[in-house]
Amino acid sequence: MKLTKPQPLTIEGGKKAVLLLHGFTGSTKDVKKLGEFLSQRGYTVHAPIYSGHGVEPEALLETKPEDWWNDVVEGYNFLQKKGYEEIAVVGISLGGVFSLKVAETFPVKACVAMCAPITRDNSKGLFTRLYHYARLYKHFENKSKDQIISELHELRITPKDSLDGVTRLTTETREELSTIKAPTLVLQGSLDDELYQESAPFILNTVETDDKEIIWYENSGHIITLDKEREKVYEDVYKFLDHIEWSVAN
């Protein structure tokens with residue numbers, strides 16, 4: 001069975017714009033509910049989908065982080081071309097790293113980094129996530145057990161240079177954190193892995209803005225936009241964006 005490819009998400013809700021960024025092996029499904037919540041409260045949202053994501057896992061290894069970053073930049077430019085002069089950026093996991101990189105590179109009204117592994121110094125764990133995604137994806141394709149085993153084996157022996165590129169991109173972003181002057185909100189699940197829990201306070205302590213905050217979610221793991229406390233996550237993101245002085249009014 002051929003699975004439907006997730007599409008970029010755009011919901012026009014007002015003159016204030018938010019760029020929403022999903023994570024590694026994820027898709028716009030990770031941030032769709034958050035986007036709908038914000039659009040209902042006066043924000044236009046746009047969530048691009050990265051090259052090689054949301055489709056068969058083999059396609060992801062044929063792309064590289066530079067391609068995904070270009071997709072993020074195209075998303076930012078998309079909002080600008082639509083006439084939005086003030087843009088906030090919100091991302092989860094790798095999307096959280098990208099949100100910080102956007103804040104380092106472009107003018108933004110605010111930056112929200114959710115469960116962003118900014119202290120990552122190797123590609124350990126990335127293939128494990130890809131492997132789990134592959135197994136689940138092939139299961140939903142209704143492939144036979146033998147075919148799944150064969151294709152997962154092929155995936156294991158496929159070159160994984162693109163995963164090393166994630167580490168390089170993360171390191172580059174980490175080294176420029178002190179250049180971020182925009183209001184910054186850091187959100188983190190307390191049940192998430194150690195890497196992410198270490199990264200959250202590091203981001204808070206390194207960005208240079210005085211307008212910064214960290215919020216922990218005691219009953220949530222990694223993808224907090226879909227976890228038990230997701231409604232509180234949506235509300236916290238909205239409250240943070242809403243306290244900022246935007247020059248545009250809806």
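**Exercise 1. Identify the residue of strand 3 that is the bridge partner of K16, and describe how the chain passes from strand 2 to strand 3.**

Step 1. The bridge partner of K16 in strand 3 is Y43. The model is a predicted one, in which local features need pLDDT of at least 70, side-chain atom pairs count only at pLDDT 80 or more, and totals for chains, interfaces and linings use all residues. Residues are numbered from 1 along each chain as its sequence is written, and side-chain values use heavy atoms, with hydrogens and water left out.

Step 2. Strand 2 (residues 16–21) and strand 3 (residues 43–47) pair in the parallel sense over four bridges. Two strands pair if DSSP finds at least two bridges between them; strands (E, at least two residues) and helices (H or I, at least four) are DSSP runs numbered from the N terminus.

Step 3. Between strand 2 and strand 3 the chain crosses through helix 1 (residues 32–39), in a right-handed β-α-β crossover. Right-handed means that, with the strands pointing away from the viewer, the path from the first strand over the helix to the second runs clockwise.

**Exercise 2. Determine which residues of strand 2 are buried on each side, and how strand 2 is joined to strand 4.**

Step 1. On one side K16, V18 and L20 are buried, and on the other A17, L19 and L21. Buried means under 20% relative accessible area, with exposed over 50% and partly exposed in between (1.4 Å probe, protein chains only).

Step 2. Strand 2 runs parallel to strand 4 (residues 87–92), and five bridges join them. Here A17 has I87 as its bridge partner.

**Exercise 3. State which helices each supply at least two residues of the lining of the largest cavity, and classify the lining.**

Step 1. A cavity is a set of points on a 1 Å grid over the protein atoms alone where a 1.4 Å probe fits but cannot get out; lining residues have an atom within 4 Å of a point.

Step 2. The helices are helix 4 (94–105), helix 5 (126–140) and helix 7 (161–175).

Step 3. The lining includes F24, L94, R129 and T170. By class, it has six nonpolar, two polar and two charged residues; Ala, Val, Leu, Ile, Met, Phe, Trp, Tyr, Cys and Pro count as nonpolar, Asp, Glu, Lys and Arg as charged, and the others, Gly among them, as polar.

Note on methods: 1 Å grid on protein atoms, 1.4 Å probe; cavity = no way out; pocket = protein on both sides within 12 Å on 5 of 7 lines; lining within 4 Å.
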